[in-house]
Amino acid sequence: MKKNALTLIVFLLVGLLFGSLAGELLSGVPGLSFLAETAEIRWEPAADLNVIRYDVSFAIRVNLVSLVGLVAAFILYRKV
């Protein structure tokens with residue numbers, strides 16, 4: 001398999017997705033609910049230039065298990 005930036009990004013996104021899903025599943029377990037607590041990172045650039053106006057919103061919700069999924073995806077990418 002050829003390693004390139006797109007492959008790395010796909011691996012990392014899939015790792016974040018699986019980590020996030022695992023965090024949601026663990027949120028119902030009383031002893032492990034701290035793993036599902038999320039922190040939200042927001043970036044909302046906006047501009048009004050009289051000719052064009054834009055307003056974009058990006059939000060990332062990260063929990064501890066999604067970070068573990070991110071690291072696992074990176075390790076898997078390195079081994080492939």
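Hi everyone, one definition before we start: a residue is buried under 20% relative accessible area, exposed over 50%, and partly exposed in between, with a 1.4 Å probe and protein chains only. What you see above is a predicted model, in which local features need pLDDT of at least 70 and side-chain atom pairs count only at pLDDT 80 or more, while totals for chains, interfaces and linings use all residues. Residues are numbered from 1 along each chain as its sequence is written, and side-chain values use heavy atoms, with hydrogens and water left out.

Let's begin with the charged side chains. A salt bridge here is a side-chain nitrogen of Lys or Arg within 4 Å of a carboxyl oxygen of Asp or Glu. How many salt bridges does that rule give? The count comes to 2. In one of them Arg42 meets Glu40, at 3.5 Å from N to O; in the other, Arg42 meets Glu44 at 3.4 Å. Glu44 is partly exposed, at 49% relative accessible area, and these shared partners join Glu40, Arg42 and Glu44 into one network. Glu40 is partly exposed too, with 46%. As background, side chains of opposite charge can pair when their charged atoms come close.

Now the helices. Helices (H or I, at least four residues) and strands (E, at least two) are DSSP runs, numbered from the N terminus. Helix H1 covers residues 5–26, which is 22 residues. From first C-alpha to last, H1 reaches 31 Å, close to the 32 Å expected, where the expected span is 1.5 Å times one less than the number of residues.

Which residues of H1 are buried? They are Thr7, Phe11, Gly15, Gly19 and Gly23. Seen down the axis of H1, the buried residues fall within an arc of 140°, so they line one face of the helix; the arc is taken over the directions from the helix axis to the C-beta atoms. Turned away from that buried side are the exposed residues Leu6, Leu13 and Leu17.

And what do the buried residues of H1 pack against? That would be H2. Contact, by the way, means heavy atoms within 4.5 Å. Take Ser66, in helix H2 (residues 64–79). Ser66 is buried, at 2% relative accessible area. Leaving aside neighbours within four places in sequence, Ser66 is in contact with Gly15, Leu16, Gly19 and Ser20. A polar atom of the Ser66 side chain also lies 2.7 Å from the backbone oxygen of Asn63.

On to the rings. Rings of Phe, Tyr and Trp (its six-membered ring) pair if their centres lie within 6.5 Å; planes under 30 degrees apart count as stacked, over 60 as edge-to-face and the rest as tilted. That gives 2 aromatic pairs. Phe11 and Tyr77 are edge-to-face, 5.7 Å centre to centre with 65° between the planes. Phe11 sits in H1 and Tyr77 in H2, so this pair ties together parts 66 residues apart in sequence. Both Phe11 and Tyr77 are buried.

Trp43 and Phe58 have ring centres 5.6 Å apart and planes at 15°, so that pair is stacked. Trp43 lies in strand E1 (residues 39–43) and Phe58 in strand E4 (residues 58–62), so the parts tied together are 15 residues apart in sequence. Trp43 is exposed at 55%, and Phe58 is partly exposed at 45%.

Last stop, a backbone detail. Most residues other than glycine have a negative phi. Asn50 has a positive phi, near 65°. Where is Asn50? In the loop between strand E2 (46–48) and strand E3 (53–55), and exposed, at 77% relative accessibility.

Definitions and conventions. Polar contact = N/O pair within 3.5 Å; in protein donor to acceptor, adjacent residues only side chain to side chain.
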